[in-house]
Amino acid sequence: MIVVMEKGATKEQVEHMVQRVESLGLKAQTIVGAERTVIAAIGEKRPETRQSLESGPGVAEVVPILAPYKRASREVKPEPTQVVAGSLRMGAGAIGIIAGPCSVESLDQIVTTARAVKAAGATALRGGAFKPRTSPYSFQGLKETGLKHLAAAREATGLAVVTEVISPEDVELVAHYADVLQIGARNMQNYRLLEAVGHTKRAVLLKRGPAATMEELLLAAEYILNEGNTQVMLCERGIRTFEAHTRFTLPLASVPYLHHKTHLPIVVDPSHGTGHTYLVPEMAAAAIAAGADGLILEVHPDPEKAMSDGYQSLNIPQFQATMDVCRRVAAALGKTI
Ligand code: PEP
Ligand code: MN
């Protein structure tokens, strides 16, 4: 439910209604707008709730929140959210560029990459220390050593660190080193993990599961928001279809669709979304054209030697060229990167 207060409603009336919402066993989220204040009453729907709130002092009307996700919806918060984490700004007019290798492989590799991507315009550094690999025999990441290397790369460049956390037990450790906690596609519906990152003070990059619907993605975000963490970015990284010319199918209509439904920033991952280096620059530019608030791109100084996802990684000159195209597309839309 959304409790819409009258234009001239007093602070005391708003406060009173917040308490009334909470006494009904619902969580209250107050949104002070330019025109009027609204209170989102979030929790399980009960038929008597609406009548009980409608009679409150200073209440103009009580309307149901139609979307199954509440805190993530534009109905509750019409204006876009900007996520800020160190050097990274994403959403509400800011375009963020997260670049770096799939995996952290060595101190030298991550610091070298960080310097190069920063020089080319990246605003955050990515790199996996805990890797969710399809095969148990594949490289699983450097774990805490990798996190330390990422922290050193941040120290050297000032770039915010984006890195994946794959289990609830590791959240505290990863949050100690990272600026942004990445929830990978495979874990989008790992609800205990979503709650755990929701308890931290770190921004979260939530990737879409390859078989998840938009509604499931938004409900996954709701798990994080519902724990009190408002700094959530959604990432379209491609879905599984019958099509085999790309590793996944990258549906860019997700970007304007999600902007319609949610205030959260929308990021696109053309690296996993295509699975081929040669397709990445155009799809990165297309994502910006579709209105993405940011990109996450795999960049490796020597992709042929990468320990994971080299076949979809840009080398440094390719990343520079991609940034140039994206900047031109952004400029055509009156935006800057
Ligand atoms: C990654 O970013 O390296 C990764 C594992 O991505 P995804 O979870 O989208 O597969
Ligand atoms: Mn990868």
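**Exercise 1.** In this predicted model, identify which protein atoms are the donors of the manganese ion (ligand 2), and state which spacing they follow along the chain.

*Solution.* Step 1: the protein donors of the manganese ion are C102 through SG, H272 through NE2, E298 through OE and D309 through OD.

Step 1: read along the chain, the donors give the spacing C-x169-H-x25-E-x10-D.

Step 2: C102 and D309 link distant parts of the chain, being 207 residues apart. C102 belongs to the loop between β7 (96–100) and α3 (107–120), whereas D309 belongs to the loop between β14 (294–298) and α11 (316–332).

**Exercise 2.** Determine which polar atoms approach the oxygen atoms of ligand 1, and how much of the ligand the protein covers.

*Solution.* Step 1: a backbone N or O atom of A185 lies 2.7 Å from an oxygen atom of ligand 1.

Step 1: for side chains, a polar atom of R237 lies 2.7 Å from a ligand oxygen, and a polar atom of E298 lies 3.3 Å from one.

Step 2: the protein covers 97% of the 300 Å² of accessible area that ligand 1 has on its own.

Step 3: the space taken by ligand 1 is the largest pocket.

Conventions
Residues are numbered from 1 along each chain as its sequence is written. Chains are lettered from A and ligands numbered from 1 in the order in which they are written. This is a predicted model: local features need pLDDT of at least 70, side-chain atom pairs count only at pLDDT 80 or more; totals for chains, interfaces and linings use all residues. Side-chain values use heavy atoms; hydrogens and water are left out. A polar contact is a pair of N or O atoms within 3.5 Å; within protein, one must be able to donate a hydrogen and the other to accept it, and residues adjacent in sequence count only if both atoms are side-chain atoms. Accessible areas come from the Shrake-Rupley method with a 1.4 Å probe; for residues, only the protein chains shown count as cover. On a 1 Å grid over the protein atoms alone, a cavity is a set of points where a 1.4 Å probe fits but cannot get out, and a pocket is an open set with protein on both sides within 12 Å along at least five of seven lines; lining residues have an atom within 4 Å of a point. A molecule sits in a cavity or pocket if more than half of its atoms lie within 2 Å of its grid points. Donors are N, O and S atoms within 2.8 Å of the metal (3.2 Å for Na, K and Ca); water is not among the atoms, so sites may look incomplete. Helices (H or I, at least four residues) and strands (E, at least two) are DSSP runs, numbered from the N terminus.
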